[in-house]
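This report describes selected features of one protein structure and its ligand. Please keep the sequence and the model in view while reading.

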Amino acid sequence: REPTDPDASIRATDSDAALARLSAVQKGYLVDPFVRHLVPRAHLQPPRPPLINIGTYVRTVCIDKLVDGWLQKCSIEGRSGCQILSLGAGSDTRFWRLATGPWKDTLSKYIELDFPEITTKKTMAITKSRELSSLLGKPGEVQIDKSGTGLHSPKYHLFGVDLRLPPADTLSILLASPSTSDSTTPLLSPDVPTLLLFECVLVYMTPEASAQLVQWFVDYFSSTDNNTNRKPRVLGGIVYEMFGLNDPFGRVMVNNLKTRNVSLPGAEPYPTMQSLPKRFLQHGFRASHALSLRELRASHLGTTELERISKLEMLDEVEELELVLEHYAITWGAWIDGTGETKADWA
Ligand code: SAM
């Protein structure tokens with residue numbers, strides 16, 4: 001028998017996320033002209049059930065609002081740019097949506113990390129699509145890694161790494177200067193406000209591995225320098241994940257994933273919504289908040305949008321929808337160095 005790759009099932013969750021995004025776009029929940037370039041045979045994919053479409057819609061819109069709020073705050077504060085790092089980015093299209101959106105000039109760097117198998121596929125999809133690659137820069141400005149596992153352009157960078165490995169080894173790629181410039185400054189500058197996105201990835205990792213990852217960024221941004229004139233360094237984080245999986249419905253979700261060989265070690269320390277901000281607070285973040293998708297749908301979408309999406313499809317499983325949305329949450333937080341004040345007030 002062929003030895004099975006235990007990570008193949010984790011990587012397969014990227015297709016689930018991408019197919020759900022495509023379906024939500026095709027059904028009119030979301031507008032995303034880029035997703036079809038990142039899903040193989042997009043035009044042949046069947047739509048997902050309304051429950052999945054609504055969940056995908058709520059999480060995408062709410063994370064978009066948080067990201068836009070972050071970029072807007074950077075811009076109001078007169079910061080010279082803003083960096084976003086998406087860890088476990090999979091086939092996400094957020095970079096291209098931002099690159100064509102109102103905050104494109106505030107965004108100075110967008111870095112995506114995922115397993116090399118996923119980033120190789122994404123590199124190929126990007127190079128095949130004129131629509132995606134033309135937004136990265138002029139032809140000479142876009143470079144593909146020799147290994148084919150990553151891609152670099154003036155703003156957008158894609159790297160293949162296993163995020164469970166010691167960050168001191170894997171994340172050193174962020175400390176090198178970008179291959180697309182002659183400068184000696186590191187790709188990720190601690191002096192530029194930086195937002196970390198963990199969209200449905202930390203649940204697949206042990207709490208220890210996730211903690212090491214977040215701590216690496218805090219340590220990097222805490223590193224001392226002699227410049228007393230600089231603005232306080234700022235790090236923000238957004239986590240989207242399943243939580244509260246010890247109740248009967250949560251156990252059904254866990255068992256369904258187990259049948260596909262996917263386990264969720266990262267969800268274990270977070271049995272309640274109140275426990276989720278620990279993801280950030282344990283690393284010295286000044287503030288962190290969490291809300292379930294159920295609460296976000298009920299109070300953060302606005303009646304016009306709720307009415308609009310209620311007309312898109314017939315939803316028979318209203319109770320099941322509430323139960324599912326009650327087991328997913330978005331957590332966000334802010335860290336700042338020195339005496340700078342901050343609240344997680346960009347949301
Ligand atoms: N963030 C994307 C989104 O929301 O559409 C993808 C989410 S998908 C559910 C989870 C992603 O995390 C997959 O692309 C998977 O390969 C990636 N991932 C999980 N564990 C990882 C690890 N240890 N190292 C790198 N990537 C990982």
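## A β-α-β unit

Which kind of unit do E1, helix H4 and E2 make? The model, which is predicted, shows that these three elements form a right-handed β-α-β unit. Helix H4 covers residues 94–99, while strand E1 covers residues 82–87.

The strands E1 and E2 run parallel and are joined by six bridges. Within this pairing, Leu-87 has Leu-113 in E2 as its bridge partner.

Strand E2 consists of residues 107–114. Seven of its eight residues are buried, so this strand is largely enclosed by the rest of the structure. The cut-off for "buried" is a relative accessible area under 20%.

Strand E2 also pairs with strand E5 (residues 156–160): five bridges join the two, and they run parallel. Here Tyr-110 stands opposite Tyr-156 in E5.

## The whole sheet

Where do these strands lie in the sheet order?

The partner of E3 is strand E4 (residues 151–152); two bridges join them, and they run antiparallel. In this pair, Gln-143 is opposite His-152 in E4.

## The ligand

The ligand is surrounded by 21 residues, of which the closest are Arg-59, Gly-88, Asp-114, Leu-163 and Glu-199. For Gly-88, a backbone N or O atom is 2.8 Å from a nitrogen atom of the ligand. For Leu-163, a polar backbone atom is likewise 2.8 Å from a ligand nitrogen atom. For Phe-115, the distance between a backbone N or O atom and a nitrogen atom of the ligand is 3.4 Å. On its own the ligand has 590 Å² of accessible area, and the protein covers 99% of this.

## A buried loop residue

Is Val-203 buried or exposed? Val-203 belongs to the loop between strand E6 (194–199) and helix H8 (207–222). Its relative accessibility is 0%, and therefore Val-203 counts as buried.

Apart from neighbours within four places in sequence, Val-203 is in contact with residues including Glu-241, Met-242, Ser-263, Leu-264 and Arg-279. Val-203 and Thr-100, in turn, are 103 residues apart in sequence and 31 Å apart in space, C-alpha to C-alpha.

Conventions:
Residues numbered from 1 in each chain as written. Predicted model: local features only at pLDDT ≥ 70, side-chain atom pairs only at ≥ 80, totals over all residues. Heavy atoms only, no water. Buried < 20%, exposed > 50% of the residue type's maximum accessible area, 1.4 Å probe, protein only. Helix = DSSP H or I, 4+ residues; strand = E, 2+ residues; numbered from the N terminus. Pairing = 2+ DSSP bridges. Right-handed = clockwise from strand over helix to strand, strands pointing away. Near = heavy atom within 4 Å. Polar contact = N/O pair within 3.5 Å; in protein donor to acceptor, adjacent residues only side chain to side chain. Areas by Shrake-Rupley, 256 points an atom, 1.4 Å probe, with all protein chains shown as cover. Contact = heavy atoms within 4.5 Å.
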